Amino acid sequence: FPSTTGALCFRPSRPVQIRRLALLSVMPDEGPGLAYYHVARGELGQAAALGEDALPAFLAAAVEPNPVIRAGAARALGTLPAGDREAEVAAALRAAARDHEASVRLDATGSLTTRLGAESAADLADRLDDDSPDVRRAAAAGLTQVGEPGAAVLVASLTAEAVRVREVAATILAEASVIGVP
């Protein structure tokens, strides 16, 4: 971006800014700066307690190189108030659900269910064929929580080509009928 002198300046990306904040010994007093500080130090609970002020920090943390930070961001994004940034949060969660790390996909899958409800059915259906059995199971369990769209996906999955998709759908549907989920 141009500086006041007209020269071009480099602005570090949010992940770089987060890592730099982790080195700070002085904690900001309030607001988004405090949220970035907590996220940078891995103090995700403290950042989430800041509510909507923490949203920009968690959106930035969703693309951090560290998978523990990305997974924590995915968990937090499932419950933080988003205000007028709901579409941005949904997009971040959908991207996290396709992350190369299973732990990030697992947390994002749960957050998609919590945050988007029935709108998450297609995203959860994509996770039924995930490489991770935990992610497949979480996606199938999430589908039981989103009503008719989820039930339709699970029933259709009973005839899927992939054996692992059929297995997880059958298992979750059997468990749901035993515990009385309609």
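Tutor: Here is a walk through the salt bridges, with a stop at one helix at the end.

This is a predicted model, where local features need pLDDT of at least 70, side-chain atom pairs count only at pLDDT 80 or more, and totals for chains, interfaces and linings use all residues. Residues are numbered from 1 along each chain as its sequence is written, and side-chain values use heavy atoms, with hydrogens and water left out.

First, the rule. A salt bridge is a side-chain nitrogen of Lys or Arg within 4 Å of a carboxyl oxygen of Asp or Glu. The count by this rule is 10 salt bridges.

Start with Arg85 and Glu88. They form a salt bridge, and their closest N and O atoms are 2.9 Å apart. For cover, buried means under 20% relative accessible area, exposed means over 50%, and partly exposed lies in between (1.4 Å probe, protein chains only). Arg85 is partly exposed, at 29%. Glu88 is partly exposed too, at 38%.

Next come Asp123 and Arg94. Their side chains meet in a salt bridge, at 2.8 Å from N to O. Asp123 lies in helix α8 (residues 121-127) and Arg94 in helix α6 (residues 86-96), so the pair ties together parts 29 residues apart in sequence. Helices here are DSSP runs (H or I, at least four residues), numbered from the N terminus. Asp123 counts as buried, at 14% relative accessibility. Arg94 counts as partly exposed, at 27%.

Now move to Arg164 and Asp131. Their salt bridge has its closest N and O atoms 3.3 Å apart. Arg164 sits in helix α11 (residues 163-178), while Asp131 sits in the loop between α8 and α9 (133-144), so this pair ties together parts 33 residues apart in sequence. Arg164 is partly exposed, at 28% relative accessibility. Asp131 is exposed, at 62%.

Salt bridges can also link up. Arg105, Arg127 and Asp130 are joined in a network of them.

Last, the helix. Helix α5 (residues 67-77) is mostly covered, with 8 of its 11 residues buried. Among the buried residues are Ile69, Arg70, Gly72 and Leu77. At the start of α5, a side-chain oxygen of Asn66 comes to within 2.8 Å of the backbone nitrogen of Val68. An α-helix has 3.6 residues a turn, so residues three or four places apart point the same way.

Key. Helix = DSSP H or I, 4+ residues; strand = E, 2+ residues; numbered from the N terminus. Polar contact = N/O pair within 3.5 Å; in protein donor to acceptor, adjacent residues only side chain to side chain.
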